[in-house]
Amino acid sequence: MSNAFEITGATVRFGSLAAVDSVDLSVAEGEQVAFIGPSGSGKTTLIRALNCTNQVNEGAVSVLSEEITGLGARRLQKLRTRIATIPQHLGLVENLSVLQNVILGKGGARGTLRSVRDLLFPSRSDIEQIHGILDRVGIEEKLFERTSRLSGGQQQRVAIARALFQEPDVILADEPVSAVDPARAHDTVKLLTELSREHGFTLCMSLHHIDLARKFFPRLVGMRSGVIVLDGNPDDLSADELDKLYQLSDEEMMQDA
Ligand SMILES: Nc1ncnc2c1ncn2[C@@H]1O[C@H](COP(=O)(O)OP(=O)(O)O)[C@@H](O)[C@H]1O
Ligand SMILES: [Mg+2]
């Protein structure tokens with residue numbers, strides 16, 4: 001099986017800080033990986049390297065078997081249509097309807113003109129497909145609702161639906177559940193991992209809730225100061241290793257405060 005991601009010696013710098021520091025990581029197609037680690041450890045930067053938003057300063061990044069260094073703008077744009085990203089703050093347009101937000105999932109593939117037309121005059125086939133997706137994520141009755149009127153948990157589902165409508169090979173989710181209560185967070189992580197198995201897309205998610213990462217992901221990648229410090233099945237990782245990451249997390253939070 002080929003790899004969704006293959007990165008070697010990848011470093012992303014902001015000034016003198018290496019936010020991602022000589023990272024080697026392979027993620028197989030269809031795999032589900034949770035990135036865990038304290039705030040500031042480089043999870044978001046890594047995700048932005050994987051979705052080709054951040055160029056690495058050193059090292060090599062291969063995405064869906066394409067080496068991205070030196071890839072022309074058009075090829076890169078095409079590659080990015082195969083990767084859906086759910087950003088931490090979801091990136092929804094609150095004044096648009098749920099339907100319109102989900103249609104934007106195909107914006108990258110369809111181009112600007114067609115996207116505008118799709119937003120104004122959604123096609124019957126888009127509406128039908130999106131209705132089916134909303135049904136699967138449990139908010140089918142919200143199709144024409146203005147997105148700002150939805151609860152936080154429902155908005156997460158809109159972001160997931162938008163990602164699904166893109167029909168990507170990979171979904172990257174950056175702390176998609178940081179802003180909701182524990183029950184919602186549990187349901188959303190469960191839903192995304194189920195969808196990954198149903199559709200076969202690769203799922204990489206950064207996650208604050210280590211208990212959810214352990215429960216739903218067969219592979220945890222732990223980061224600290226831009227470096228991968230642990231990588232494995234939750235059952236094979238010692239409580240000590242995970243505790244250490246926890247502890248560091250507390251320290252970091254106190255530094256942040
Ligand atoms: N655009 C940026 N400019 C400068 N520093 C940044 C930028 N993005 C991230 N950083 C720094 O890089 C480090 C890693 O950040 P980030 O990847 O956001 O970590 P995490 O997602 O694990 O909280 C942090 O020290 C952060 O302050
Ligand atoms: Mg982050």
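The structure is a predicted model, in which local features need pLDDT of at least 70, side-chain atom pairs count only at pLDDT 80 or more, and totals for chains, interfaces and linings use all residues. Residues are numbered from 1 along each chain as its sequence is written, chains are lettered from A and ligands numbered from 1 in the order in which they are written, and side-chain values use heavy atoms, with hydrogens and water left out. Helices (DSSP runs of H or I, at least four residues) and strands (DSSP runs of E, at least two) are numbered from the N terminus.

**The surroundings of ligand 1**

- The shell around ligand 1 consists of F14, L17, A19, P38, S39, G40, S41, G42, K43, T44 and T45; a residue is near a molecule if one of its heavy atoms lies within 4 Å of it.
- Four residues of this shell are nonpolar, six are polar and one is charged. In this division Ala, Val, Leu, Ile, Met, Phe, Trp, Tyr, Cys and Pro count as nonpolar, Asp, Glu, Lys and Arg as charged, and the others, Gly among them, as polar.
- Both β2 (17–28) and α1 (43–50) supply at least two residues each to the shell, and α1 gives the most, with three residues.

**Polar atoms at ligand 1**

- A polar contact is a pair of N or O atoms within 3.5 Å; within protein, one must be able to donate a hydrogen and the other to accept it, and residues adjacent in sequence count only if both atoms are side-chain atoms.
- A polar backbone atom of G40 lies 2.7 Å from an oxygen atom of ligand 1, and a polar backbone atom of S41 lies 3.2 Å from an oxygen atom of the ligand.
- T44 takes part through its side chain, with a polar atom 2.8 Å from an oxygen atom of ligand 1.
- On its own, ligand 1 has 560 Å² of accessible area, of which the protein covers 57%. Such areas come from the Shrake-Rupley method with a 1.4 Å probe; for residues, only the protein chains shown count as cover.

**The sheet of four strands**

- Strands of a sheet pair through backbone hydrogen bonds, either parallel or antiparallel.
- An open sheet with antiparallel pairing has the strand order β2-β1-β4-β5; two strands pair if DSSP finds at least two bridges between them.
- β2 and β5 (66–67) are at the edges with a single partner strand each, so one side of each has no neighbour in the sheet.
- Strand β1 (residues 3–14) is joined to β2 by eight bridges, and F5 stands opposite V27 in β2.
- β1 is also joined to β4 by five bridges, where E6 has S62 as its bridge partner.
- S62 also stands opposite E67 in β5.
- β4 and β5 form a hairpin with two residues between them, and L64 in the turn has a positive phi of about 50°.

**The sheet of six strands**

- A second open sheet, with mixed pairing, has the order β6-β7-β8-β3-β9-β10.
- β6 (83–86) and β10 (227–232) stand at the edges of this sheet, each with a single partner strand, so one side of each is left without a neighbour there.
- Four bridges pair strand β3 (residues 32–36) with strand β8 (residues 202–206) in the parallel sense, and Q32 has L203 in β8 as its bridge partner.
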